[in-house]
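My entries follow the order in which I looked things up.

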Amino acid sequence: MATTSVDQIHGGPGPSVPVPPRPLRRSRGRLALRNTLVGWSFILPNFLGFGLLTLIPVVTLFYLSFTSWNVFGTAQWVGLENFQRLIGDGSYHTALFNTLYYGVFHIPLTLAASLGLALLLNRKLRGVAFFRTVAFLPYITSIVAIAAVWNMLFSPEFGPINQFLTAVGVSNPPGWTTSADWSMPAIIIVSVWRDMGYYMLLFLAGLQTVPGELYEAARVDGAGAWSRFRNVTLPCLRPTTFFVTVLLTIGSFKIFDLILVMTGGGPGQSTLVLSQYIYNKGFVENQFGYSSAVAVSLFVICLSVTVFQFVWNKRRDA
Amino acid sequence: MAADVTAVAGYRQPPRKLSDPVKRALGYGALIVASALIMLPFVWMIISSLKTNNQVFTIPVQWIPDPVVWRNYLDIWTAADMSTWLQNTLVLSVTVTFLQVLTGSFAAYGFSKVVFPGRDVLFLAYVGTMAVPWQAYMIPQFIIMSNIGLNNTLWAIIALQAFGAFAVFLMRQYFVSIPDSLCEAARIDGMSEYGIWWRIMMPLSVPAIASLTLLTFVNTWNDYLGPLIYLRSPELRTIQLGLQTFIGQYDAEHALIMTGSVLSIIPVAVIFLLGQRFFVEGIATTGVKG
């Protein structure tokens, strides 16, 4: 047996394998067929919905991006025309810029906040479970309720946030969601508040894997709290930090519903992001082809950033 | 021996004993400040829901409503079509969750315990689509949904949410961790594959099923974009969609908006508090393994 497999690996002709007796072969074939049928019978109920409403849309997305199509008529193949249009589309540039603006602040701030919370909660204090629940509560709260309450908190004249800022001596507090300069920071604050509990859970799970002996050893060597954090916690958390960063990045590029209900992309185009641009072009202006091209660009950006992160992570590991 | 222990203890105890209470107090202090900040929007939501509309925005902020206006919690039912919205959302959340758990775990069995050609390629297609943002393919999806005539019916949301790749992925991860020898033993005893799924795999997967149930229910309850795109008729509105249209129409009714928000959060908060353990486990397993 061993020689046979080696020969096969090397691609040599190999000794003639004895042909198994017929009945056995047939029953093997029948077993494979039976397994295929059984396997598909399990998968099929889910696959009907998944194939029709996820797999086919994902595939047709790429086709649609090369067509010109509004609700009336049929899709016309236009080649790269949609993508050429993207290059000169000022609103698209704004949406792309705003998406990056959001990501550049949302990713590191959420990372820091969730890691900080996880470190605070990773001790044997009484009531830790309660604090963990509190930190996670924003994540399970609906976007509509979140937007409603934060829009009131951010209210420029009478909102509690600006009242507080005035009280501590800020003479000209920002207009938040009513001002083109401050609407994106307002969105970022809310999304960090909402997401940090979720990523905190991932960090807490990661912290469980840090061996306690390492801290003991560092303590014996006289390492202070900061040094233990830098030289023990952070290196041991690398896989978690990497994973959280990837998730946060994908999440940042997908940001949509929070902005849609908080500012609707405004004032002006100050919070218009890629996802909303897809929505506007597709569902508001019915330009299915062009909107698919924007969607493809979003997908390609998401994918390349993720691949880049994986490659970079590999190189740092090596 | 004894001398050794005391020597070690003597070396390490003094600095600890001095700093421990201080450290503990600092830890609690930080935790209390952090959670107060996190909870502030919720607190503001609840107190505003118990005020008259004029008292919501005052200078300075009135932290204790006076008088306490419980009436808001009665008025909201007539001011807005809350009962229809809640009913639609409940029907959708329960149906979607049921179908999702059923078809998801069923498919997961095929992907983890039955060996057949093409299985892994198919699973790769499932996982691959999870990497594509939903926003990217919502338009082709909408076109298909319109063509099969589900647009503007509650079925659209059910079809949209009940067959997700995430459920298959979560359940498969759990099924893979259950030893194959259990299935083999059951097969030898003459149990059918469907029997093994129902009588062996499902009872052993209660934690995963609980996680999936809670996550799916909360996601469907909170979904805003799906209903926004697919549900046009007012009588089909879910609580999120309804609340958002209410805010659009009566944006000056601050107190009632907060009352509606509180009511929309309560069911999810209760479910979360009851099943918190499963949320945490679900996120930890799919998160870290994925």
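**Ground rules.** Helices (H or I, at least four residues) and strands (E, at least two) are DSSP runs, numbered from the N terminus. I number residues from 1 along each chain as its sequence is written, and chains are lettered from A and ligands numbered from 1 in the order in which they are written. This is a predicted model, where local features need pLDDT of at least 70, side-chain atom pairs count only at pLDDT 80 or more, and totals for chains, interfaces and linings use all residues.

**Entry 1: Trp176(A).** Trp176(A) sits in the loop between helix 7 (160-167) and helix 8 of chain A. Its phi is near 45 degrees, a positive value in a residue other than glycine. Is Trp176(A) buried or exposed? I needed the cut-offs here. A residue is buried if 20 or more other C-beta atoms lie within 10 Å of its own, exposed if 12 or fewer, and partly exposed in between, with C-beta atoms placed from the backbone. Trp176(A) has 24 other C-beta atoms within 10 Å, so I noted Trp176(A) as buried.

**Entry 2: Asn152(B).** I then turned to chain B. Asn152(B) lies in the loop between helix 5 and helix 6 (154-161) of chain B. The phi of Asn152(B) is near 60 degrees, again a positive value in a residue other than glycine. With 14 other C-beta atoms within 10 Å, Asn152(B) is partly exposed.

**Entry 3: confidence.** I checked pLDDT, the predictor's confidence in each residue, from 0 to 100. Chain A averages 83, and 90% of the residues score at least 70. Among the elements of chain A, helix 4 (residues 90-121) has the highest mean pLDDT (92) and helix 1 (residues 2-10) the lowest (39). Over residues 1-15 of chain A, the pLDDT is below 50. That stretch has 6 contacts beyond near neighbours in sequence. Two residues are in contact if their C-beta atoms, placed from the backbone, lie within 7 Å.

Chain B has a mean pLDDT of 83, and 91% of its residues reach 70 or more. Over residues 1-18 of chain B the pLDDT is below 50, and beyond near neighbours in sequence this stretch has 0 contacts in the model. I reminded myself that where pLDDT is low, the predicted coordinates should not be read in detail. For the complex, the predictor gives an ipTM of 0.81 and a pTM of 0.83.

**Entry 4: chain A overall.** I noted 13 helices and 2 strands in chain A. Of its 318 residues, 38% are buried. Among contacts in chain A with a separation of 6 or more, 66% join residues 24 or more positions apart.

**Entry 5: two helices in chain A.** Axes are lines fitted to C-alpha atoms, for helices over the stretch in contact, and angles run from 0 to 180 degrees between N-to-C directions. At what angle do helix 5 and helix 8 of chain A pack? Helix 5 (residues 128-140) and helix 8 (residues 183-207) of chain A pack at about 120 degrees, with their axes 7 Å apart. That makes helix 5 of chain A oblique to helix 8 of chain A. Angles under 35 degrees count as roughly parallel, over 145 as roughly antiparallel, 65 to 115 as roughly perpendicular and the rest as oblique.

From helix 5 of chain A, the contact residues include Phe136(A) and Leu137(A), and from helix 8 of chain A they include Trp193(A) and Met196(A). By class, this contact of helix 5 with helix 8 of chain A has 10 nonpolar, 1 polar and 2 charged residues. Ala, Val, Leu, Ile, Met, Phe, Trp, Tyr, Cys and Pro count as nonpolar, Asp, Glu, Lys and Arg as charged, and the others, Gly among them, as polar.

**Entry 6: where the chains meet.** The contact takes 68 residues from chain A and 71 residues from chain B. Helix 2 (residues 22-64) of chain A gives the most to the side of chain A that touches chain B, with 22 residues. That side of chain A divides into 49 nonpolar, 16 polar and 3 charged residues.

Helix 13 (residues 288-317) of chain A and helix 5 (residues 134-147) of chain B pack at about 155 degrees, with their axes 8 Å apart. They are therefore roughly antiparallel to each other. Among the residues in this contact are Phe288(A) and Leu298(A) of helix 13 of chain A, and Tyr137(B) and Ile139(B) of helix 5 of chain B.

**Entry 7: Ser35(B).** Ser35(B) is in helix 1 (residues 2-49) of chain B. Leaving aside neighbours within four places in sequence, Ser35(B) is in contact with Phe131(A), Val134(A) and Ala135(A). Ser35(B) counts as buried, with 20 C-beta neighbours inside 10 Å.
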